[in-house]
Amino acid sequence: MSKLGNDEFLQQRQQLIISAAKNCFSRSGFYGASMADISRESGLGAGQIYRYFSSKELIVSETIKSIAVSWRVFLQNNLPLQSSTESIINAESDFWQGWSYQDRCLLLEMYSEASRNASVRETLAHEEELLVDELNTQFQQRMPASSPQQRSHRIQFLLMLVDGVACRAFGDKNVDHQELTRINGILSRHLFC
């Protein structure tokens with residue numbers, strides 16, 4: 001097998017393991033899922049998995065990086081398309097269709113891990129920095145009269161909003177939609193004008 005073919009195979013196997021790990025972690029958490037669970041989910045033996053990842057901690061770390069990048073890309077592609085907060089605050093809206101229930105579970109698990117792990121916090125901070133830079137560029141084009149500080153405040157508020165909605169989607173399903181509509185009108189006037 002050529003070096004290129006070997007590298008592709010290595011990447012495919014690592015992605016298979018990370019995908020299996022995501023399934024396990026979304027069900028049981030990073031520390032509730034075992035290597036046996038990941039092995040069973042991936043269809044690979046534990047020895048095969050250890051050829052690609054030297055430890056479960058490395059699988060957790062690489063999975064977190066994958067989740068963080070996916071979250072950044074999701075927000076980078078979807079937030080600039082919004083002209084109001086209406087679809088952002090509705091967890092069942094089209095805005096959220098690209099972020100599955102499994103992804104929401106993983107996001108919660110990742111944020112929880114960040115509260116106790118400096119390496120995870122660094123990974124999240126790096127991805128957020130990339131996201132904020134991209135959103136700032138896009139918002140500057142969309143709102144040329146806004147100051148850098150105004151754009152920064154809008155971006156930070158939107159990020160708090162999406163993080164909150166992503167996490168709250170597991171909670172109360174009896175939300176007063178009329179009140180959400182009223183609040184959305186207020187928010188949209190201040191964020192998107």
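Asp 37 and Arg 40 form a salt bridge, with the closest N and O atoms 2.7 Å apart. The term covers a side-chain nitrogen of Lys or Arg within 4 Å of a carboxyl oxygen of Asp or Glu. Because they sit three residues apart in helix H2 (residues 35–42), Arg 40 and Asp 37 are separated by about one helical turn.

A word on the ground rules. This is a predicted model, so local features need pLDDT of at least 70 and side-chain atom pairs count only at pLDDT 80 or more, while totals for chains, interfaces and linings use all residues. Residues are numbered from 1 along each chain as its sequence is written, and side-chain values use heavy atoms, with hydrogens and water left out.

**The fold**

The protein chain has nine helices and zero strands. Helices (H or I, at least four residues) and strands (E, at least two) are DSSP runs, numbered from the N terminus. Along its principal axes, the C-alpha trace spans about 55 × 40 × 30 Å. Of the 193 residues in the chain, 41% are buried. For a sense of distances, take Gln 156 in helix H8: Gln 156 and Gly 98 are 58 residues apart in sequence and 21 Å apart in space, C-alpha to C-alpha. Gln 156 is partly exposed, with a relative accessible area of 32%.

**Charged pairs**

Side chains of opposite charge can pair when their charged atoms come close. The whole structure holds five salt bridges, including these:

| Salt bridge | N to O distance |
|---|---|
| Arg 40 – Asp 37 | 2.7 Å |
| Arg 72 – Glu 127 | 2.3 Å |
| Glu 113 – Arg 116 | 3.2 Å |

In the Arg 72 pair, the salt bridge to Glu 127 has its N and O 2.3 Å apart. Arg 72 lies in helix H4 and Glu 127 in helix H7, so this pair ties together parts that are 55 residues apart in sequence. Both Arg 72 and Glu 127 are buried. In the Glu 113 pair, Glu 113 is buried at 3% relative accessible area, whereas Arg 116 is exposed at 51%.

The side chain of Lys 22 does make a polar contact with the side chain of Ser 66, at 2.8 Å. That term means a pair of N or O atoms within 3.5 Å; within protein, one must be able to donate a hydrogen and the other to accept it, and residues adjacent in sequence count only if both atoms are side-chain atoms.

**The second largest pocket**

The second largest pocket has a volume of about 170 Å³. On a 1 Å grid over the protein atoms alone, a pocket is an open set of points where a 1.4 Å probe fits, with protein on both sides within 12 Å along at least five of seven lines, and lining residues have an atom within 4 Å of a point. Grid points are joined across faces, edges and corners, and the volume is the space filled by probe spheres set on the points. This pocket is lined by 13 residues, with Trp 71, Tyr 111, Leu 124, Glu 128 and Leu 131 nearest its centre. Helices H4 (56–78), H6 (101–114), H7 (118–142) and H8 (148–168) each give two or more residues to the lining, and H7 gives the largest share, five residues. The lining divides into nine nonpolar, no polar and four charged residues.

How values were computed
Ala, Val, Leu, Ile, Met, Phe, Trp, Tyr, Cys and Pro count as nonpolar, Asp, Glu, Lys and Arg as charged, and the others, Gly among them, as polar. Buried means under 20% relative accessible area, exposed over 50%, partly exposed in between (1.4 Å probe, protein chains only).
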